[in-house]
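I opened this model to look up its sheets and the surroundings of its ligand. My entries follow in the order I made them.

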Amino acid sequence: MQHNWSRYLRLVLAGIGATTLIGFYFGEPLYGLLVGLIAYLWWTLIQARRLYQWLANPDTPDEAPQSIGMWGGIFDSLNKLNQNHLKKQEKLRSRISRVQESTNSMRDGVIMTDAKGVMEWWNGSAEHLLGFRRHTDRGQDIHNLIRSPAFKAYFKARDYQEPLEINSPAKPHIHLQLQISLFGDNDRLIVAKDVTRLFQLEQMRRDFIGNVSHEMRTPLTVISGYLETLVDHGDELPPKWRRAVNTMAAQSSRMEALITDLILLSKIETGEHTVDETPIDVGLLLNQICQDARVLSSDKKHQISINITDHRPLRGDSRQLRSAFSNLIFNAVKYTPAGGEVSVTWTANQYGAHLSVRDTGIGIDPVHIPRLTERFYRADPSRHKETGGTGLGLAIVKHVLINHDGNLEIHSNIGAGSDFICHFPCERLVEAEAGHSAV
Ligand code: ADP
């Protein structure tokens, strides 16, 4: 480069020297020098123009123009830079097309949108599962293509720990599980999984439990009825039968409670028991449940207190809410030793309405808390015989809260009592003038 440069300088000086000499020959050396300089300037401008055209033209060839001297050096360096850049670009392009090929072969739909939901890219499965069209949907707002309010709320909430389940907008028989991840500048990567088979199996399971429970209810009612009559006439029974009949009566009433809970749970889960949107006087409802809880406590003499700080009615299904609140308050009595305290509090703030059922009972090891709302899950299986629970109470609470757009929070520790908190969104509270409330 250095060698080329000095050669180029020598050439330029020689050229200008030659024109000066010719000028000298004609008696005008200054004109000769001027002609030489102008010629050099002209040539430089031509090279600059070639460079400019090469850079500015979008259809520019990959190779920069050729030249000599300093301009040749500049063009060569630019050529090298350009070749490196093209190689990197090619590598990147082949990587992107490999990623696209692999995501295209995925059975799950993959969609990329910007922060506002403008569709940027999606794979073939997304077209199949959600009905997107490659040529017309690019640049569209995803909410125009997936018109589900639940999806809109899920997209906006930015809390993507749990997936969302919806029916496909294009093929309603396909049940989809959508999971969003954030990347880049709040852009979204949406993965859509076809969970139709699982959904149908789950539906079948629920229907099966619901049907079996219904079928068992009638014969069990007959058996319990006869057993109750036998218990009432216990004095007339031979002593060796008396104990057996009492045990049978106790077990059959446990089974009845179990079947009642199973039927209720299956109704709540299947949505058959659709949420009634009646305004409910929660204070009155809780007072009634606490009365029943005092009867349940009887000689165990728990101190059951109730504190209502918000008197606006709550929109919801009174039967479902009664069942959920009773389960929590009766559990607090069942799992609190005699003389313990149970406090029931109903409050509201800017985040919504909250019911807290706190007790000073045996508490729960925190390792069990995440699984407590599963059907038949018991933190201490040895105790359930004493308490006579069905193991379905908290599953019912969870599903009732889901039906009311709420959620359950549990704080507990062994020996330190428990606090079960039900959260409801603000929109469920009815302003006072909206009408009378029911229980
Ligand atoms: P169960 O009919 O057994 O009470 P639940 O679904 O109502 O079933 O409760 C599940 C388990 O959670 C119970 O078996 C018990 O171990 C635990 N549990 C529920 N409430 C309380 C409470 N207030 N204090 C301690 N443990 C509780």
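**Entry 1: β9 and β10.** I began with β9 (residues 341-349) and β10 (residues 352-359), which pair in the antiparallel sense over eight bridges. I counted two strands as paired if DSSP finds at least two bridges between them. Val344 has Val357 of β10 opposite it.

The model is predicted, so I noted its limits: local features need pLDDT of at least 70, side-chain atom pairs count only at pLDDT 80 or more, and totals for chains, interfaces and linings use all residues. Residues are numbered from 1 along each chain as its sequence is written, and side-chain values use heavy atoms, with hydrogens and water left out.

**Entry 2: the sheet around them.** Next I traced the strand order, β7-β9-β10-β12-β11, in an open sheet of five strands with mixed pairing. At its edges I found β7 (303-308) and β11 (407-412), each pairing on one side only. Neighbouring strands here are turned by 15° against each other on average, direction ignored. I took axes as lines fitted to C-alpha atoms, for helices over the stretch in contact, with angles from 0 to 180 degrees between N-to-C directions.

Which helix packs on this sheet? I found α9 (residues 282-297), touching β7, β9 and β10. Its direction makes about 180° with that of β7. Contact means heavy atoms within 4.5 Å.

**Entry 3: the antiparallel sheet.** I then followed another open sheet of five strands, in the order β2-β1-β5-β4-β3, with antiparallel pairing. β2 (119-122) and β3 (164-167) stand at the edges with a single partner strand each, so one side of each has no neighbour in the sheet.

Entry 4: I went through the pairs in turn.

- β1 (residues 109-113) pairs with β2 in the antiparallel sense over three bridges. Ile111 has Trp122 in β2 as its bridge partner. Five residues lie between the strands of this hairpin, and Gly117 takes a positive phi near 100°.
- β4 (residues 175-183) pairs with β5 (residues 187-194) in the antiparallel sense over eight bridges. Leu182 stands opposite Arg188 in β5, and Leu176 has Asp194 as its bridge partner there. This hairpin has three residues between the strands, and Gly184 takes a positive phi near 55°.
- β3 and β4 are joined in the antiparallel sense over four bridges. I found Glu165 opposite Gln177 in β4.

**Entry 5: the ligand.** How many residues surround the ligand? I read off 20, with Asn331, Tyr335, Asp359, Gly391 and Leu394 as the closest. A residue counts as near if one of its heavy atoms lies within 4 Å. By class, the shell divides into nine nonpolar, seven polar and four charged residues. Ala, Val, Leu, Ile, Met, Phe, Trp, Tyr, Cys and Pro count as nonpolar, Asp, Glu, Lys and Arg as charged, and the others, Gly among them, as polar.

I looked up which elements supply the shell. α10 (318-334), α12 (393-403) and β12 (418-424) each give at least two residues. α10 gives the most, with three.

Entry 6: I then listed pairs of N or O atoms within 3.5 Å. An N or O atom in the side chain of Tyr335 is 2.7 Å from an oxygen atom of the ligand. At Thr390 a backbone N or O atom lies 2.9 Å from a ligand oxygen atom. Ser418 places a polar side-chain atom 3.4 Å from a nitrogen atom of the ligand. Taken alone the ligand exposes 530 Å², and the protein buries 97% of that. I used Shrake-Rupley accessible areas with a 1.4 Å probe.

Note on methods. Polar contact = N/O pair within 3.5 Å; in protein donor to acceptor, adjacent residues only side chain to side chain.
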